[in-house]
Amino acid sequence: MEEVAKLLAVLALFVLSLHFITKFLKLRNRPSLRHLPPGASGWPVVGETFEFRKRSLEGSPTRFIQERMDKYDSRVFKTSLFGSLLAVLCGPAGHKFLFSNENKNVQVWWPGSVRKLMSQSLVSRVGDEAKMTRKLLLSFLNAETLRNFVPKMDSIAQRHIKTHWEGKVQVLVYPIIQLYTFELACCLFLSIEDSQVPNLSSLFDVFLKGIIAFPINLPGARFHRAMKAADAIRKEIKMILKKRKVNLEEKRASPTQDLLSHLLVTSDANGRFLSDMEIIDNILLLLFAGHDTSRSVISSVMNYLGQLPQVYELVLKEQLEISQGKEEGELLRWEDVQKMKYTWNVVSEVMRLSPPVRGAYREAIKDFTYADYNIPKGWKLLWNTGSSHKDPTLFSNPENFDPSRFEGEGPVPFSYVPFGGGPRMCLGQEFARLEILVFMHNIVKRFKWNLVLHDEKFKYDPLLEPEKGLPIQLQPSPLLPNTFSRHIIH
Ligand code: HEM
């Protein structure tokens with residue numbers, strides 16, 4: 001009997017080995033694993049991560065991309081980052097391919113830490129579910145809805161400047177701007193009063209530090225602390241949500257007062273409402289996605305304006321013309337922001353030269369070919385602003401600061417992509433445009449500034465930020481002694 005059992009075990013081992021050998025050979029001979037994009041896989045496991053990180057911290061991730069485009073193929077190359085083999089699809093053709101192939105050949109992909117921290121949100125959704133969630137969130141974040149919040153944004157910007165900038169000789173721009181962008185988001189998403197903001201903001205700092213980290217949920221790890229902070233934020237939002245439901249039922253809250261009310265009363269085309277957990281995680285996602293992005297842009301704009309006084313003067317001229325067309329103390333309206341064309345061209349040129357976000361990931365959901373190379377299912381794909389924003393064939397004299405590039409038809413399609421593109425394009429583009437322009441209006445009217453540090457370095461960690469926080473010296477504008485509205489909304 002024992003002999004038979006031994007024989008069976010050996011046989012089973014033999015069949016199993018045969019199975020794995022055949023699978024390995026099949027995999028090796030899989031057509032899609034031949035003729036892959038050229039490039040280097042770097043060191044085992046870490047790949048080329050250290051070099052990519054080094055270039056990012058130097059503020060020149062474009063160099064990492066450009067060197068490989070020159071060395072291998074300007075259309076696509078292979079590399080290995082953060083433990084994954086990936087193909088970088090370059091230039092407008094690469095961007096167009098990734099943006100127009102969502103759910104066909106590719107799907108959006110975020111690192112595991114992001115998906116785990118906001119598991120019920122849009123970043124963990126693909127296909128029809130993602131479409132439905134995007135539609136719901138966009139029904140609040142679109143221009144039609146957000147236009148009603150412009151006076152509120154102006155009021156928050158004025159209060160922020162009054163509290164944190166007025167009377168100061170020197171300020172550190174990057175940390176201060178966070179107070180504006182976070183308060184604005186808390187107010188428009190949750191109607192949170194300013195007294196509650198600092199507590200949420202400090203929890204949010206911990207959350208952000210662990211969001212792009214190895215997803216190890218063990219005490220002491222950044223990710224573990226982020227999970228705990230996320231739970232604490234969820235708890236706060238849940239309390240607000242519960243109270244809001246009661247207030248909506250008793251007609252003590254307005255269905256249009258903020259994003260929270262909007263999501264509680266709005267269903268999708270099939271009449272389905274988001275669950276409480278989905279609402280909470282999506283609000284967490286929007287706070288995360290909008291937190292450092294607009295802050296990075298405003299800091300970069302202030303840096304460029306500090307270096308280019310002639311551009312500052314033209315921005316100021318446009319903003320003063322807008323103020324002059326208004327009653328004294330009257331808050332900004334949507335129509336005023338629409339007139340800020342030159343200022344927005346300046347912001348766009350800043351985002352071309354110094355994009356706050358380098359790019360984003362996709363995952364191949366089937367084997368396909370691109371530029372004659374095979375891309376195997378499961379590979380990660382990356383589009384990158386660095387592969388087109390400074391290409392001299394797309395932007396003449398690309399190193400020159402020239403806001404007029406955005407006049408008329410503007411850049412060639414898919415060449416200028418600070419917000420991505422296609423069905424997974426940034427959801428907060430309009431929100432960001434309004435919060436940045438409203439802030440610029442208020443700050444240039446109140447101050448001129450000098451950069452304290454000559455040529456302060458900006459680095460990607462993971463978004464673009466000034467290495468020393470961008471210290472500036474303020475000079476109050478002599479033009480308008482009291483530009484603040486008497487109608488600040490509380
Ligand atoms: C100037 C500021 C901003 C820039 C440059 C920016 C840029 C981006 C980029 C590059 C993506 C990835 C797109 C892709 O995968 O192709 C993205 C996604 C996203 N952004 Fe923004 N963003 C900004 C502000 C905001 C704000 C203020 C919010 C929220 C109010 C926001 C919400 C989102 C969301 C929810 C996504 C994920 C969309 C999806 O996966 O379907 N962003 N953003």
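Which residue stands opposite Phe77 in E2? The residue is Val88, and this pairing belongs to one of the topics below. The structure is a predicted model, in which local features need pLDDT of at least 70, side-chain atom pairs count only at pLDDT 80 or more, and totals for chains, interfaces and linings use all residues. Residues are numbered from 1 along each chain as its sequence is written, and side-chain values use heavy atoms, with hydrogens and water left out.

**The ligand and its iron atom**

- Cys426 (SG), 2.3 Å away, is the single protein donor to the iron atom of the ligand; donors are N, O and S atoms within 2.8 Å of the metal (3.2 Å for Na, K and Ca), and sites may look incomplete since water is not among the atoms.
- Cys426 is placed in the loop between strand E8 (380-384) and helix H17 (429-446); helices (H or I, at least four residues) and strands (E, at least two) are DSSP runs numbered from the N terminus.
- Around the ligand there are 25 residues, of which Arg134, Thr293, Arg362, Arg424 and Cys426 come nearest; a residue counts as near if one of its heavy atoms lies within 4 Å of the molecule.
- Ligand oxygen atoms lie 2.6 Å from a side-chain N or O atom of Arg134, 2.8 Å from a polar side-chain atom of Arg362 and 3.3 Å from a side-chain N or O atom of Trp383.
- Two or more residues of the shell come from each of helix H13 (276-307), strand E5 (359-364) and H17, and H13 gives the most, with 7 residues.
- The shell divides into 16 nonpolar, 5 polar and 4 charged residues; Ala, Val, Leu, Ile, Met, Phe, Trp, Tyr, Cys and Pro count as nonpolar, Asp, Glu, Lys and Arg as charged, and the others, Gly among them, as polar.

**Strand E2 and its partners**

- In strand E2 (residues 84-89), 5 of the 6 residues are buried, meaning under 20% relative accessible area (1.4 Å probe, protein chains only).
- Strand E1 (residues 76-81) runs antiparallel to E2, joined by 6 bridges; two strands pair if DSSP finds at least two bridges between them.
- The E1 and E2 hairpin has 2 residues between its strands, and Phe82 in the turn has a positive phi of about 50°.
- E2 also pairs with E8, in the parallel sense over 4 bridges, with Ala87 partnered by Leu381 in E8.

**Ser387**

- Ser387 lies in the loop between E8 and H17 and counts as buried because its relative accessibility is 3%.
- The side chains of Ser387 and His95 are joined by a polar contact of 3.5 Å; such a contact is a pair of N or O atoms within 3.5 Å, and within protein one must be able to donate a hydrogen and the other to accept it, while residues adjacent in sequence count only if both atoms are side-chain atoms.

Terms used: Buried < 20%, exposed > 50% of the residue type's maximum accessible area, 1.4 Å probe, protein only.
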